[in-house]
Amino acid sequence: MIFPIEQFEGLQTPFYYYDKSLLQQTLDTINREAAKYPGYHVHYAVKANVDPTLLKLIRESGLGCDCVSGGEVETCLKAGFPSSKVVFAGVGKSDWEINLALDADIACFNIESIPELEVISQLAVAKGKQARVAIRVNPNVDAHTHKYITTGLSENKFGISMEMLDEVLDVAMKLPNITVIGLHFHIGSQLLELAPFSLLCERINALQEQVEKRGIRLQSINVGGGLGCDYENPDANPIPDFADFFANYAKHLKLRPGQELHFELGRSVVCQCGSLISKVLYVKEGLQKKFVILDAGMSDLIRPALYQAHHKIENISAQAKGEAATDVYDVVGPICESSDCFGENEVLPVTRRGDFVALRSAGAYGQIMASHYNCRRIPASLVL
Ligand SMILES: *Cc1c(COP(=O)(O)O)cnc(C)c1O
């Protein structure tokens, strides 16, 4: 990626820079590849990033949205997404959130427990509304990803276990003002292999037969998101392999005639179009190490501290100048935590105070997770 450094001069750092044209190409790829299969519908998992300009592009491209809180439902409706394309998941939906979604007539509640079903039913009865629900099933598939972002194993808090599906369906079918439209799954995030998704399809095939034996016909299957991004080689792989991803579902999942297949993609949509841009405050020489101290820290981008993630670090000022000499640095932030470190023993061009440094692939779960820790400011957006 070529960064428009001239346009960065004079701006308050750190900030998030988003490349609109890369996002547009990503959206075009998703739409082109999904359109190859009848009944495929893609929602954007808005928890990855809610920058208004990005949301507008995503809405205009025709994607729906997947929300995990009432605040997200509000954000999507304000951004102009039609409520008929909004789905709402989460293990802990509070009453006001459910009411908000009922008032908006959203497409579907992805429900995760019997007590939640009962509350949605009560609130729907009170409003005289019908709530469409999909039951989130925990398929016990290991996503082989970081333990904080794996969600489909039986010991996770998410979903209901496969053994309980019959019981939950029985309850759901009897509750007033509840319409069961389908099953929902989401096994985890940042999956770089397709094998866990194939395994998920096999589980779904078996579950479909199980529910059909009970005379239930499902209108839709929702397989969640999880497709990963190449954090180490963002320029070689700027757009995830959506063609393979959708083809894998087409190959392994047995949809019934007319049945819809829904996806909830977050990271794979916005990850590569964003970078956190910061400035080097100091280059500090220790006894054995040299530290590049950035003005960006874990309050701006928490993924390294939270998930031991690594974002590619580029000194874009030195790159622009063609600086050939390199050195080895630990790249750290200013925050009073030892986990506030973006990389150890990073080989970078010789780095100086005032250089711009880009932390790449930061479009997903970056800015949205920023906090005021240490009374720091939330980084702004620059969308070009
Ligand atoms: C977070 C989440 C997603 C999106 O996951 P990605 O890995 O970003 O694609 C989809 N569905 C649900 C229910 C989620 O919680």
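Student: Where is the place of proline 14?
Tutor: Start with strand β1, which spans residues 15–18 in this predicted model. Proline 14 sits in the segment before β1.

Student: What is the omega of the peptide bond from threonine 13 to proline 14?
Tutor: Most peptide bonds are trans. The bond from threonine 13 to proline 14 is cis. Its omega is near -5 degrees.

Student: Where does asparagine 177 lie?
Tutor: Helix α6 covers 165–174, and strand β8 covers 178–184. Asparagine 177 belongs to the loop between α6 and β8.

Student: What is the phi of asparagine 177?
Tutor: Most residues other than glycine have a negative phi. Asparagine 177 is not a glycine, yet its phi is positive. The value is about 65 degrees.

Student: What is the relative accessible area of asparagine 177?
Tutor: Buried means under 20%, and exposed means over 50%. Asparagine 177 falls in between and counts as partly exposed. Its relative accessible area is 21%.

Student: What is the phi of glutamine 190?
Tutor: Glutamine 190 is found in the loop between β8 and α7. Its phi is positive, although it is not a glycine. The value is about 60 degrees.

Student: Does glutamine 190 count as buried or exposed?
Tutor: The cut-off for buried is under 20%. Glutamine 190 has 14% relative accessibility, so it counts as buried.

Student: Which residues of helix α8 are buried?
Tutor: Helix α8 runs over residues 242–252. Its buried residues are Phe242, Phe245, Phe246, Asn248 and Tyr249.

Student: Within what arc do the buried residues of α8 fall, seen down its axis?
Tutor: The buried residues of α8 line one face of the helix.

Student: Which elements do the buried residues of α8 pack against?
Tutor: Helices and strands both take part. The partners of the buried residues of α8 are α1 (20–34), β2 (40–45), α7 (195–213), β10 (260–265) and α9 (267–270).

Student: Leaving aside its neighbours within four places in sequence, which residues is asparagine 248 in contact with?
Tutor: Asparagine 248 is found in helix α8. At 11% relative accessibility, asparagine 248 counts as buried. Beyond its neighbours within four places in sequence, it touches Leu194, Phe197 and Ser198.

Student: Leaving aside its neighbours within four places in sequence, which residues is cysteine 201 in contact with?
Tutor: Cysteine 201 has its place in helix α7. It is buried, at 0% relative accessibility. Setting aside neighbours within four places in sequence, cysteine 201 is in contact with Tyr249, His252 and Leu253.

Student: How many Å apart in space are cysteine 201 and phenylalanine 15, C-alpha to C-alpha?
Tutor: In sequence, cysteine 201 and phenylalanine 15 are 186 residues apart. In space, C-alpha to C-alpha, they are apart by 40 Å.

Student: Are α1 and α8 roughly parallel or roughly antiparallel to each other?
Tutor: The axes of α1 and α8 come within 9 Å and cross at roughly 25 degrees. Angles under 35 degrees count as roughly parallel. The pair α1 and α8 is therefore roughly parallel.

Student: Which residues in α8 meet α1?
Tutor: The crossing of α1 and α8 is right-handed. On the α1 side, the contact uses Thr26, Thr29, Ile30, Glu33 and Ala34. On the α8 side are Phe242, Ala243 and Phe246.

Student: How many nonpolar residues does the contact of α1 with α8 have?
Tutor: Sort the contact of α1 with α8 by class: 2 residues are polar and 1 is charged. The number of nonpolar residues is 5.

Student: At what angle do helix α3 and helix α4 pack?
Tutor: Helix α3 spans residues 70–78, and helix α4 spans residues 95–104. Their axes are 9 Å apart. The angle is about 30 degrees.

Student: Is the crossing of α3 and α4 left-handed or right-handed?
Tutor: At that angle, α3 is roughly parallel to α4. The crossing of α3 and α4 is left-handed.

Student: Which residues of α4 make the contact?
Tutor: From α3 come Gly70, Gly71, Val73, Glu74 and Leu77. From α4 come Trp96, Glu97, Leu100 and Ala104.

Terms used
Residues are numbered from 1 along each chain as its sequence is written. This is a predicted model: local features need pLDDT of at least 70, side-chain atom pairs count only at pLDDT 80 or more; totals for chains, interfaces and linings use all residues. Side-chain values use heavy atoms; hydrogens and water are left out. Buried means under 20% relative accessible area, exposed over 50%, partly exposed in between (1.4 Å probe, protein chains only). Helices (H or I, at least four residues) and strands (E, at least two) are DSSP runs, numbered from the N terminus. The arc is that of the directions from the helix axis to the C-beta atoms. Contact means heavy atoms within 4.5 Å. Axes are lines fitted to C-alpha atoms, for helices over the stretch in contact, and angles run from 0 to 180 degrees between N-to-C directions. Angles under 35 degrees count as roughly parallel, over 145 as roughly antiparallel, 65 to 115 as roughly perpendicular and the rest as oblique. A crossing is left-handed if the near helix is turned anticlockwise from the far one by less than a right angle, and right-handed if clockwise. Ala, Val, Leu, Ile, Met, Phe, Trp, Tyr, Cys and Pro count as nonpolar, Asp, Glu, Lys and Arg as charged, and the others, Gly among them, as polar.
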